[in-house]
Amino acid sequence: MDTFNLTSNSFQNDVNATPLPYDVISIQSQVIYGSVGNSIAVPALMKQGLRVAAVPTVILSNTPHYTTCHGGELPSEWFRGYLNGLVERGCMDSVRAILTGYLGSKNKAHDLAHWLTTIRQSHPSLPVIVDPVMGDEDSGFYIPPEIAEVYRDEVIPLATGIIPNKFELSMLSGQEIQTLEDATKAARSLLKGHTQWVIITSAFQPDDDSIDVVCVTQHDIAVIRHKRYPVTPKGTGDLFGAELTAQLLAGLSVPDAAKMACLRIEQAIIHMAATGRSELVL
């Protein structure tokens, strides 16, 4: 019978050991109960066969729209340590994309920008997809408005692409958006630095049954129209970012990846309604 020689040295960390092969680093909020932030993005990415390093920005018991909510923002020192730890463990060479979502504070936006600057120096072509989560047209800002300046000046120029809603695009560009031409002009004003494309989620509602998503590059525009449902569960934007990232890594073009991401959201909403739940279920 074969035996294994398991000495104490076998379990010690080896600086020469092969790092874990992460495909995506997902930097977002996390809830214990529910389907927002990394709590929906990570399962969606893993379902597409991707290995994910999940970096939390806040940890809550559930989203604040419930009658009780516990937890809160993580200390910036911890957040910086989580990001730097990935570099220190040597896993960045296997990473194929970075996805960011809810940050929650100006300080974390500064920290993210500083870290991405370092990453860009060693991995200049690494896809970075930024969802500049700040608010929406119905409620306005739901985090401190000054984060918009940090996103615009520090974070977005380091992104390959960004996925704001119409409110967020207006805040980032400083432009009022009423028409497709307005949206295109505002989006192109952000195509600086590394940024190659903007996908405007929930950009327009042409009728009661439809929603338009608009993909903008320096030279092209694509409008994706999908069905509008009477329910708007929390986390659809986070799911969109995850599905978009997965489809881009599968080789789809930006418009085709956005179209597939919209389809995945429709499927999740239909499944949620069919099971009688109020949270997204993959």
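The model is predicted: local features need pLDDT of at least 70, side-chain atom pairs count only at pLDDT 80 or more, and totals for chains, interfaces and linings use all residues. Residues are numbered from 1 along each chain as its sequence is written, and side-chain values use heavy atoms, leaving out hydrogens and water.

**Terms for the sheet and helices**
- Helices (H or I, at least four residues) and strands (E, at least two) are DSSP runs, numbered from the N terminus.
- Two strands pair if DSSP finds at least two bridges between them.

**Strand β10 and its neighbours**
- 5 bridges join strand β9 (residues 197-207) to β10, and the two run antiparallel.
- A hairpin of 2 residues links β9 to β10.
- F204 stands opposite D212 in β10.
- V214 stands opposite V223 in β11, and C215 has A222 as its bridge partner.
- β10 is largely enclosed by the rest of the structure, because 7 of its 7 residues are buried (under 20% relative accessible area, with a 1.4 Å probe and protein chains only).
- S210, D212, V214 and V216 point one way from β10, while I211, V213 and C215 point the other way.

**Helix α1 and its partners**
- Angles run from 0 to 180 degrees between N-to-C directions, and axes are lines fitted to C-alpha atoms, for helices over the stretch in contact.
- α1 packs against helix α7 (residues 236-249) at about 25 degrees, with the axes 8 Å apart.
- The two helices are therefore roughly parallel (angles under 35 degrees).
- I40, A41, A44 and L45 in α1 meet residues of α7 including L239, A242 and A246; contact means heavy atoms within 4.5 Å.

**Helix α3**
- The 17 residues of α3 (residues 106-122) should span 24 Å at 1.5 Å a residue, and the end C-alpha atoms are 25 Å apart, which agrees.
- That expected span is 1.5 Å times one less than the number of residues.
- Buried residues of α3 include L112, W115, L116 and I119.
- An α-helix has 3.6 residues a turn, so residues three or four places apart point the same way.

Definitions and conventions: Buried < 20%, exposed > 50% of the residue type's maximum accessible area, 1.4 Å probe, protein only. Parallel < 35°, antiparallel > 145°, perpendicular 65-115°, else oblique.
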